[in-house]
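These are my notebook entries on a structure I looked up.

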Protein chains: 2
Amino acid sequence: MHGRHKGRVITAEDVARVIGVSQSTISRAFSNPESVSPATRARVLTAAQSLGYQPNVIARSLITRRTNIIAIVMANLTDPYYPQILDTLTQAIQARGRQTLLFIPPEDGTIDDTLASLLQYQVDAIIIASASLTSEMARVCAARQTPVLLFNRYVPGVRISAVSCDNVASGRDVAEFLHGSGHSRPAFVSGEHGATTNADRRAGFVETWHELGVRSCLQVEGGAYTFEAGFEAATIIARRKRRPDSIFFASDIMALGGIHALQQAGLRVPEDISVVGFDDVPLASWPSFNLTTVRQPLPEMAEAALDMLALDDKAGRRRRVTQFVPGTLVQRGTTRAR
Amino acid sequence: MHGRHKGRVITAEDVARVIGVSQSTISRAFSNPESVSPATRARVLTAAQSLGYQPNVIARSLITRRTNIIAIVMANLTDPYYPQILDTLTQAIQARGRQTLLFIPPEDGTIDDTLASLLQYQVDAIIIASASLTSEMARVCAARQTPVLLFNRYVPGVRISAVSCDNVASGRDVAEFLHGSGHSRPAFVSGEHGATTNADRRAGFVETWHELGVRSCLQVEGGAYTFEAGFEAATIIARRKRRPDSIFFASDIMALGGIHALQQAGLRVPEDISVVGFDDVPLASWPSFNLTTVRQPLPEMAEAALDMLALDDKAGRRRRVTQFVPGTLVQRGTTRAR
């Protein structure tokens with residue numbers, strides 16, 4: 001579809017002439033946006049819009065077999081960490097001249113129904129940032145020709161590329177920080193059972209305490225990355241005779257629920273007990289919470305993900321790698337200094 | 001593109017035979033999903049997937065001029081109310097057999113750049129749930145043939161359909177509830193300047209107090225729908241000699257910032273001062289906050305929006321209407337009873 005201007009059809013040539021670039025630059029700005037600079041792309045889009053030139057990306061996709069659309073599958077928008085992921089990924093996708101097709105598996109439906117819908121669209125790549133990926137879904141994805149990437153977690157034994165925060169290293173950082181500030185009776189509260197995020201944070205944390213000579217680390221199963229799960233786990237911990245002096249929760253939302261339970265039990269945070277979360281959601285820095293936590297490097301993780309999808313390099317897509325990006329401990333008011 | 005099964009191309013006829021429906025049902029399940037029941041659609045998609053039948057919706061869109069894709073433009077995923085909107089809208093879109101193309105205007109870019117990208121895709125409709133819609137963007141949208149709808153707010157004087165919570169009526173409900181529970185010195189803290197959400201909540205609230213014989217209602221400009229803006233407005237209010245006995249904040253996040261400021265100033269909520277928010281974000285019902293607020297009827301608003309877009313009725317698209325859906329006051333722990 002071309003625009004019309006004073007009765008004449010507007011072509012890519014017209015746009016090229018107006019802004020003084022070659023016609024092939026106009027073409028590449030639409031069909032292969034990463035091959036031109038963001039500034040040039042912006043000039044082309046602005047000129048195209050003001051002249052009324054509209055390349056039909058849909059028709060073009062039949063020839064190039066490229067739609068410039070990347071699908072994101074995301075199951076949990078209630079936990080504020082997920083909107084942060086979606087925001088960062090979508091902005092990174094748009095910065096590369098592509099767009100996001102969002103799939104949210106319905107609460108009462110299976111992820112297979114979502115995949116069935118998704119397969120109808122010839123997307124260039126699929127990013128799965130879903131909290132609970134079934135191994136069946138992982139197999140379906142691994143078998144597809146369209147590049148698939150797991151964001152935020154990986155599935156051991158499944159050959160799908162993944163990008164994740166370095167959860168083992170961050171678990172170590174938290175243990176070293178707590179030890180260095182005089183704590184000696186640690187506890188870990190886990191989130192969703194079976195998730196690598198959870199297992200890796202725990203592994204780094206518990207191992208480091210062992211290495212530091214602290215043999216016992218209390219471990220409480222939260223069972224889910226929710227406020228309620230954190231609340232319940234902390235209620236159990238608060239009732240113990242020999243209480244820990246610090247708790248590392250597997251997510252910020254769990255830590256916030258935990259702090260509420262500790263305060264209800266008459267304990268002061270951090271005077272009686274220190275609390276560390278994970279994610280650094282926007283809430284964590286609110287003065288009401290002021291939560292010590294691990295900041296996930298979302299912008300770096302998003303860039304790594306898009307690089308790994310090798311959108312313009314079909315040969316590169318064969319590689320299957322899991323990339324771990326280091327997080328940062330952010331010390332705030334819920335942990336006491338030595 | 002068709003699937004291959006035992007060396008043979010799988011057609012819509014094969015799928016029809018397997019589940020015992022007509023071939024036209026298969027066709028409609030993909031091209032006009034609302035014309036078949038959700039149960040039938042699910043059966044068709046499942047059978048199509050297991051047989052390896054893949055209709056090419058992209059190729060089909062060139063014939064039908066329908067992509068079954070609806071664009072959502074959303075600027076603010078940090079305020080937890082927006083992910084709630086996105087979740088509800090996307091699930092409603094998917095329940096009608098369509099998909100969501102998500103556009104997030106970059107923080108340093110203009111909304112016009114976003115529109116330029118969006119215009120490349122032949123989406124069936126555009127839903128704008130952006131916090132700050134410029135009047136220029138509104139004009140561009142109004143001039144387009146693709147149906148456009150504003151979600152959550154409207155722009156007075158611009159002929160674009162809109163669906164919004166009945167903010168005037170809810171402002172009235174809050175005033176009547178506070179008056180009925182013995183309050184007599186009200187305050188209103190506004191959010192983003194110029195937004196209809198803000199103006200309507202204030203109008204209903206202030207007018208009702210006047211009608212009830214309370215002539216003075218303190219009004220403080222917050223300036224933005226943020227925790228910080230609520231915090232600053234409440235700090236000013238807490239310092240006043242003659243303090244209000246109740247504050248209605250234009251959003252939940254503002255109210256949470258406000259409560260924090262009031263507590264820092266040594267005031268107890270609700271014993272010294274009652275607080276009401278707006279939205280009913282997930283946080284509002286957390287025991288740490290337990291915020292009295294107005295619940296926006298998001299599922300009803302999403303259904304109304306999709307009905308108003310008249311996706312299967314081109315004649316119906318000419319109508320431009322603004323629909324207001326009533327909200328519900330949710331009484332929790334930040335307001336005192338009589």
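Which residues have the most contacts inside the largest nonpolar core? I found A:I127 and B:I127 to be those residues, in a core of 170 residues. I note that I was working from a predicted model.

Entry on B:I127. I listed its contacts, leaving aside residues up to four places away in sequence. B:I127 touches B:I70, B:A71 and B:I72, and also B:L89, B:L149, B:F151 and B:A305.

Entry on B:S246. I located B:S246 in strand β10 of chain B, which covers residues 246–249. Is B:S246 buried or exposed? I recorded B:S246 as buried, because 25 other C-beta atoms lie within 10 Å, and the cut-off for burial is 20 or more. Beyond residues up to four places away in sequence, B:S246 touches B:L178, B:H183, B:P186, B:A187, B:I273 and B:S274. I also checked B:F188: B:S246 and B:F188 are 58 residues apart in sequence, and their C-alpha atoms are 8.7 Å apart in space.

Entry on chain A. I counted 12 helices and 14 strands in chain A. Chain A has 338 residues, of which 51% count as buried. Among contacts in chain A with a separation of 6 or more, 71% come from residues 24 or more positions apart.

Entry on domains. How is chain A divided? I noted domain 1 (4–64), domain 2 (69–164 + 298–325) and domain 3 (167–297).

Notes
Residues are numbered from 1 along each chain as its sequence is written. Chains are lettered from A and ligands numbered from 1 in the order in which they are written. This is a predicted model: local features need pLDDT of at least 70, side-chain atom pairs count only at pLDDT 80 or more; totals for chains, interfaces and linings use all residues. A nonpolar core is a set of buried Ala, Val, Leu, Ile, Met, Phe, Trp, Tyr and Cys residues joined through C-beta atoms within 7 Å. A residue is buried if 20 or more other C-beta atoms lie within 10 Å of its own, exposed if 12 or fewer, and partly exposed in between; C-beta atoms are placed from the backbone. Two residues are in contact if their C-beta atoms, placed from the backbone, lie within 7 Å. Helices (H or I, at least four residues) and strands (E, at least two) are DSSP runs, numbered from the N terminus. Domain bounds come from an automatic or database domain assignment.
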